[in-house]
Amino acid sequence: MLPTPQFPTVYVGDFNSHSTNWGYTTENEDGERLCSWATLNRLHLLYDVKQGGTFVSGRWGTATTPDLCFVTTDFHDPPIRASRTILHNFPRTQQKPVAIDIGLHLPRIEKPLMPRWNLRKAKWEDYTSYMEKNINRKPPLPENYPRFVKLVKKQRAPPFQEATGKIIFLAGTGSAILY
């Protein structure tokens, strides 16, 4: 039949065999042999009855699953991390494509693109003089913080024409940090 796996292996194919293990109402000889082979080689069948069949017969109006995926198990019996998803029909065919995802899935973290400033190109003298002229007009109170932010954003353009980004000013220290 099929070779015995010596290392982590995935077997995928249209096995064209019937078994109740993958949604058929009856079993045929090929299905029985395939089940025996999978059991003897400690293989795990990726199959979910909720996903439906991979072959939709136009003539009989039935959905069956001849397309199977077996994965090996390790010494402690958990199978290789894998999942099977049946996709939508291709036009003019009775077969549905099957996507097999294998391995560890780490979520992709989407974070917004944060513009950066090139602080070496900033016109610090212009920025400092503008801030010194205007900052003293506003008392350092929490309710004035939005006005302070507007002041910083308003002056951001001329001194930083050649760069982009965000600066956080540390209250009471006279220091700024880039993020």
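Reply: One cut-off to begin with: exposed means over 50% relative accessible area, and buried means under 20%. The model is a predicted one.

Me: Is Asn16 buried or exposed?
Reply: Asn16 sits in the loop between E1 and H1. Its relative accessibility is 54%. The cut-off for exposed is over 50%. So Asn16 counts as exposed.

Me: What is phi of Asn16?
Reply: Asn16 is not a glycine, yet its phi is positive. The value is about 50 degrees.

Me: Which loop holds Arg92, and what is its phi?
Reply: Arg92 belongs to the loop between strand E6 (82-86) and strand E7 (98-102). At 86% relative accessibility it counts as exposed. Arg92 is a residue other than glycine with a positive phi, near 60 degrees.

Me: How many aromatic pairs are there?
Reply: Ring centres must lie within 6.5 Å to pair. By this rule the count of aromatic pairs is five.

Me: What kind of aromatic pair do Trp22 and Phe70 form?
Reply: The ring centres of Trp22 and Phe70 are 6.3 Å apart. Their planes make an angle of 90 degrees. Planes over 60 degrees apart count as edge-to-face. So the Trp22 and Phe70 pair is edge-to-face.

Me: How many residues apart in sequence are the parts that the pair of Trp22 and Phe70 ties together?
Reply: Trp22 lies in the loop between strand E1 (10-14) and helix H1 (29-40). Phe70 lies in strand E5 (residues 67-72), so the pair ties together parts of the chain that are 48 residues apart.

Me: What is the angle between the planes of Trp37 and Phe70?
Reply: Trp37 in helix H1 and Phe70 in strand E5 are 33 residues apart. Trp37, at 6% relative accessibility, counts as buried. The pair is edge-to-face, with centres 6.0 Å apart. The angle between the planes is 85 degrees.

Me: Which side chain makes a polar contact with the side chain of Thr54?
Reply: Thr54 lies in the loop between strand E2 (43-45) and strand E3 (55-56). Its relative accessible area is 0%, so Thr54 is buried. Beyond neighbours within four places in sequence, its contacts include Arg84, Gln94 and Val98. The polar contact, at 2.7 Å, is with the side chain of Asp67.

Me: How far apart in space are Pro8 and Val71, C-alpha to C-alpha?
Reply: Pro8 is in the segment before E1. At 63% relative accessibility, Pro8 counts as exposed. Leaving aside neighbours within four places in sequence, it contacts Thr72 and Ile80. Pro8 and Val71 are 63 residues apart in sequence, and their C-alpha distance is 7.6 Å.

Me: How are the residues of the lining of the second largest pocket divided?
Reply: The second largest pocket holds about 300 Å³ of space. Its lining has 15 residues, with Phe7, Pro8, Thr72, Thr73 and Asp74 nearest the centre. They divide into eight nonpolar, five polar and two charged.

Methods: Residues numbered from 1 in each chain as written. Predicted model: local features only at pLDDT ≥ 70, side-chain atom pairs only at ≥ 80, totals over all residues. Heavy atoms only, no water. Phe/Tyr/Trp six-rings, centres within 6.5 Å; stacked < 30°, edge-to-face > 60°. Helix = DSSP H or I, 4+ residues; strand = E, 2+ residues; numbered from the N terminus. Buried < 20%, exposed > 50% of the residue type's maximum accessible area, 1.4 Å probe, protein only. 1 Å grid on protein atoms, 1.4 Å probe; cavity = no way out; pocket = protein on both sides within 12 Å on 5 of 7 lines; lining within 4 Å. Points joined across faces, edges and corners; volume = space filled by probe spheres on them. Nonpolar A, V, L, I, M, F, W, Y, C, P; charged D, E, K, R; others polar. Polar contact = N/O pair within 3.5 Å; in protein donor to acceptor, adjacent residues only side chain to side chain. Contact = heavy atoms within 4.5 Å.
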